[in-house]
Amino acid sequence: MERILIIGANGQIGSELVTALADKHGADNVIASDIGADNVYGAKRYTRVDVLDKDAVARLVADENITQVYQLAALLSATGEKAPLKAWTLNMDGLLNILEIARERGEAGKPLKVFWPSSIAAFGPNTPSDAPQYAIMDPTSIYGISKLAGERLCEYYHAKYGVDVRSIRYPGIISFKSPPGGGTTDYAIAIFHAALRGEVYECFLGPETTLPMIYMPDAIRATVELMEAPAEQVGIRSSYNVAGVSFNPRELAAAIAAKLPSFRIDYKPDSRQQIADSWPKSLDDARATADWGWKAAIGVDAMVTDMLANVDVGLGKAA
Ligand code: AKB
């Protein structure tokens with residue numbers, strides 16, 4: 001029986017992973033945690049804990065006999081640029097605390113499997129635009145630098161201490177359950193909120209800025225499939241490229257307008273353009289396919305239809 005702790009459960013991925021894992025393993029076996037007073041997404045079990053408080057997390061892991069930790073607490077690319085030291089501390093020390101707890105538990109004969117999200121932000125301007133699994137990685141944002149360093153830590157803890165850590169380089173994730181939360185790819189969520197409010201969307205990226213994206217159900221399925229893969233099939237312990245779809249704001253706006261003809265978009269690129277320009281346009285995920293059978297299932301059209309049917313415009317004014 002798995003006993004699962006999700007740290008950062010009030011964020012974009014956490015909000016949906018809690019439900020997916022509760023459906024699989026039973027709601028009593030999934031403990032959502034974050035720094036807020038409550039879980040806003042209806043987790044059956046919620047504990048307030050700060051990933052930077054290693055002793056508190058270690059106690060929780062021991063008291064609840066946790067077998068898997070998903071460490072999702074992080075500052076994203078745009079928010080990270082506003083507070084680089086805070087982003088570095090949270091993103092790096094948070095991961096290190098969990099890897100250390102996993103090392104200690106492993107040495108005590110109580111193995112702890114770890115999931116940690118990397119990102120397309122780990123790539124940089126000299127990465128080929130269709131990013132291979134192994135490429136030049138010269139990230140320019142503090143978020144991307146923390147993701148690249150985190151990938152190296154994951155591989156190190158696996159090689160040196162045998163920690164069973166698994167990771168995905170997520171593309172921009174598009175979803176409707178949580179509001180846009182400080183990412184450069186979040187224009188592709190905010191655009192739906194504006195469209196459904198009947199507003200002209202002022203896009204902070206230019207029309208031709210193509211980026212790798214993935215719809216949340218595919219992102220959750222990739223995460224679960226990687227975590228369930230037999231250890232010998234997980235040949236990469238830094239982080240796997242996982243592809244979904246690629247599009248730019250002009251193409252997304254056209255796909256929305258095809259279903260909502262009154263929709264209009266304007267472009268006013270800001271500092272996030274520079275971050276987006278440093279990222280690849282697509283990902284080569286052949287290794288994820290070969291190692292554990294990954295294949296994306298949801299295309300742009302199906303995603304747009306589902307987003308328009310489900311976005312809650314009451315989630316607060318979008319970014
Ligand atoms: C961001 O835009 O910062 C994130 C990411 C690509 O990791 N969505």
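Buried, as I use the word in these entries, means under 20% relative accessible area. I am working from a predicted model, and I keep that in mind for each entry below.

**Entry on D218**

I looked up D218 and found its place in helix α7, which covers residues 216-228. Its relative accessible area is 1%, so I list D218 as buried. I then asked which residues D218 is in contact with once its neighbours within four places in sequence are left aside. The residues I noted for D218 are W294, A296, A297 and I298.

**Entry on aromatic pairs**

I went through the aromatic rings next, and the count came to eight aromatic pairs. In one of these, the rings of Y187 and F204, the centres lie 6.5 Å apart and the planes stand at 90°, so I recorded the pair as edge-to-face. Y187 belongs to helix α6 (residues 187-197), whereas F204 sits in the loop between β9 (201-203) and β10 (211-215), so the pair ties together parts that are 17 residues apart in sequence. Are these two residues buried or exposed? Y187 has 0% relative accessibility and therefore counts as buried, and F204, with a relative accessible area of 4%, is buried as well. I also noted that Y70, F115 and Y170 form one aromatic cluster.

**Entry on helices α2 and α4**

I turned to helix α2 (residues 54-63) and helix α4 (residues 84-107), whose axes come within 10 Å and cross at roughly 45°. That angle makes α2 oblique to α4, and I noted the crossing of the two helices as right-handed. On the α2 side the contact is made by K54, V57, A58, V61 and A62, and on the α4 side by N97, I98, E100, I101, E104 and R105. Sorting the residues of this contact by class, I have six nonpolar, one polar and four charged.

**Entry on helices α8 and α11**

Which residues meet here, in α8 and in α11? I found L252, A255 and I256 in α8 meeting V300, M303, V304 and L308 in α11. The residues of the contact of α8 with α11 divide into seven nonpolar, no polar and no charged, whereas I had counted four charged residues and one polar residue in the contact of α2 with α4.

Technical notes
Residues numbered from 1 in each chain as written. Predicted model: local features only at pLDDT ≥ 70, side-chain atom pairs only at ≥ 80, totals over all residues. Heavy atoms only, no water. Axes fitted to C-alpha atoms, helices over the stretch in contact; angles between N-to-C directions. Helix = DSSP H or I, 4+ residues; strand = E, 2+ residues; numbered from the N terminus. Parallel < 35°, antiparallel > 145°, perpendicular 65-115°, else oblique. Left-handed = near helix turned anticlockwise from the far one by under 90°. Contact = heavy atoms within 4.5 Å. Nonpolar A, V, L, I, M, F, W, Y, C, P; charged D, E, K, R; others polar. Phe/Tyr/Trp six-rings, centres within 6.5 Å; stacked < 30°, edge-to-face > 60°. Buried < 20%, exposed > 50% of the residue type's maximum accessible area, 1.4 Å probe, protein only.
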